[in-house]
Amino acid sequence: MSEEEMRVRLKYVVEDVDRHGNIRLYYRRKGSTKVRLPGPLGSPAFLAAYKAADSGAPPAKADDGKVKVIKAGSVRWLCVQYFQSAMFNELDARTQYVRRGLLERFCQNKDDGDKPYRLILPRHLRQRRDEMMDRPEAANGMLKALRQLFKFAVRYDHHDDNPAAKVEYLKNKNPDGFHSWTLEEIARYEARHPIGTKARLALALMLYSGQRRSDIISFGRQHIRDGRLIFTQHKNRNSKPVRLEIPVIEELQKIIEASPCGDLTFLVTEFNRPFTSNGFGNWFRKRCDEAGLTDCSAHGLRKAAASRLAELGCSEFEIMAVTGHSTSKEVTRYTKAASQKKRADSAMKRLSAEQK
């Protein structure tokens with residue numbers, strides 16, 4: 001391929017002339033960081049760096065700050081192929097962002113990105129995992145990302161094995177996950193944030209719908225039809241969409257009607273714009289702190305909603321119809337305490353009756 005053909009086919013490649021008259025090649029795309037490309041144009045080093053920049057992968061840099069050449073067959077090279085695949089690009093934007101970050105950190109640690117991915121064995125990954133024993137969630141996140149990377153490698157015939165799949169996850173120090181709100185904590189929040197406030201509306205939307213914060217920030221009047229909240233969950237909406245129709249109970253309807261709402265979404269920022277998921281999380285965190293609930297979070301309300309349904313005697317399938325879970329595993333974790341309490345009450349009633 002000639003240089004002239006290269007200029008036509010490769011988008012976003014520009015030339016800058018430095019103060020010494022030397023021509024420098026750069027990848028420059030609106031909304032992206034300007035990336036220096038090694039010359040000459042069309043060389044293997046140039047093409048590897050261009051491919052990495054075009055995939056959105058941050059360029060690897062040496063200690064002297066210069067851009068490294070991505071070695072064919074290296075872990076970083078495999079990451080670039082993965083980032084360009086349909087398998088990666090069909091993921092939600094948030095999942096892409098998190099996974100890309102995990103893989104980049106893996107590549108940067110001890111220059112693991114330069115190592116041949118075909119030579120990586122389970123024992124190598126166990127060693128990396130064990131170095132993070134004080135942060136089991138971070139270690140497990142790294143392993144999950146690597147499992148998907150090598151799953152891609154196997155699926156696209158870059159490799160015939162998935163070493164990460166053979167490495168065990170570390171035991172989580174907090175197996176119960178986010179703290180589930182108690183009835184007393186809900187009452188404290190409601191006392192601090194009465195009906196008619198945005199803070200109370202946020203609580204009600206989560207508590208009476210059982211949805212994630214990524215869903216409730218998008219809820220608006222257009223989602224309520226014939227007394228039902230009709231929507232597709234944000235999580236996995238591009239890969240495994242879950243559409244739900246949940247009745248709007250009287251208490252939630254009353255709070256919505258008494259609350260300040262935006263035009264397209266019930267919840268809006270002080271600038272009358274819809275919240276982002278992270279922005280809402282930070283805002284709601286402050287509302288919890290105002291009520292003295294430092295251990296409570298938005299996700300904990302989803303667990304509380306599921307637990308309350310369990311205490312009312314709802315089956316796992318009924319709860320799943322509200323929360324949108326596709327399997328009962330997560331619902332069982334949410335409702336474990338409530339189910340235990342209910343079964344214990346039933347057992348002791350029988351024992352008490354037998355003693356009479």
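This report describes the nonpolar cores, helix packing and selected loop residues of a predicted model.

## Basis and overall composition

The model is predicted, so that local features need pLDDT of at least 70 and side-chain atom pairs count only at pLDDT 80 or more, while totals for chains, interfaces and linings use all residues. Residues are numbered from 1 along each chain as its sequence is written, and side-chain values use heavy atoms, with hydrogens and water left out.

The protein contains 15 helices and six strands; helices (H or I, at least four residues) and strands (E, at least two) are DSSP runs numbered from the N terminus. Of its 356 residues, 40% are buried, where buried means under 20% relative accessible area, exposed over 50% and partly exposed in between, for a 1.4 Å probe and protein chains only. Contact denotes heavy atoms within 4.5 Å. Among contacts in the protein with a separation of 6 or more, 59% are between residues 24 or more positions apart.

## Nonpolar cores

In soluble globular proteins, nonpolar side chains tend to be buried together. A nonpolar core is here a set of buried Ala, Val, Leu, Ile, Met, Phe, Trp, Tyr and Cys residues joined through side-chain atoms within 4.5 Å. The largest such core has 35 residues, and the members that touch the most others are Trp-181, Tyr-189, Leu-205, Ile-216, Leu-267, Phe-280 and Phe-284. At least two residues each are supplied by helix H8 (183-192), helix H9 (198-207), strand S5 (228-232), strand S6 (243-247), helix H11 (250-258), helix H12 (277-290) and helix H13 (298-311). H9 provides the largest share, eight residues.

Beyond its neighbours within four places in sequence, Phe-284 contacts Trp-181, Tyr-189, Ala-202, Leu-203, Met-206, Ser-297, Ala-298 and Leu-301. A second, separate core comprises 27 residues, including Val-75, Phe-83, Leu-102 and Leu-125.

Two packed helices are described by the angle between their axes and the distance between the axes. Axes are lines fitted to C-alpha atoms, for helices over the stretch in contact, and angles run from 0 to 180 degrees between N-to-C directions. The axes of H9 and H12 lie 11 Å apart at an angle of about 110°. H9 is therefore roughly perpendicular to H12, given that angles under 35 degrees count as roughly parallel, over 145 as roughly antiparallel, 65 to 115 as roughly perpendicular and the rest as oblique. From H9, Lys-198, Ala-199, Ala-202, Leu-203 and Met-206 meet Phe-280, Trp-283, Phe-284 and Arg-287 of H12. The residues of this contact comprise seven nonpolar, no polar and two charged; Ala, Val, Leu, Ile, Met, Phe, Trp, Tyr, Cys and Pro count as nonpolar, Asp, Glu, Lys and Arg as charged, and the others, Gly among them, as polar.

The axes of H9 and H13 come within 8 Å and cross at roughly 45°, and the two helices are therefore oblique to each other. In this pair, Leu-203, Met-206 and Leu-207 of H9 meet Ala-298, Leu-301, Ala-304, Ala-305 and Arg-308 of H13. The contact of H9 with H13 involves seven nonpolar residues, no polar and one charged.

## The loop between H11 and H12

Leu-267 is located in the loop between H11 and H12 and is buried, with a relative accessible area of 0%. Its C-alpha atom is 6.1 Å from that of Ile-217, although the two are 50 residues apart along the chain. Apart from neighbours within four places in sequence, Leu-267 contacts Lys-198, Leu-201, Ala-202, Leu-205, Ile-216, Ile-217, Pro-274, Phe-275 and Phe-280.

Ser-259 also belongs to the loop between H11 and H12 and counts as buried at 9% relative accessibility. Ser-259 and Gly-196 are 63 residues apart in sequence, with a C-alpha to C-alpha distance of 4.4 Å. Excluding neighbours within four places, Ser-259 is in contact with Gly-196, Thr-197 and Leu-201. Asn-272, in the loop between H11 and H12, has a positive phi near 65° although it is a residue other than glycine.

His-193, in the loop between H8 and H9, counts as buried at 4% relative accessibility. Not counting residues up to four places away in sequence, His-193 touches Ala-199, Arg-200, Arg-287 and Glu-290.

Asp-157 is found in the loop between helix H7 (136-155) and H8. Asp-157 is exposed, with a relative accessible area of 68%, and has a positive phi of about 60° although it is not a glycine.
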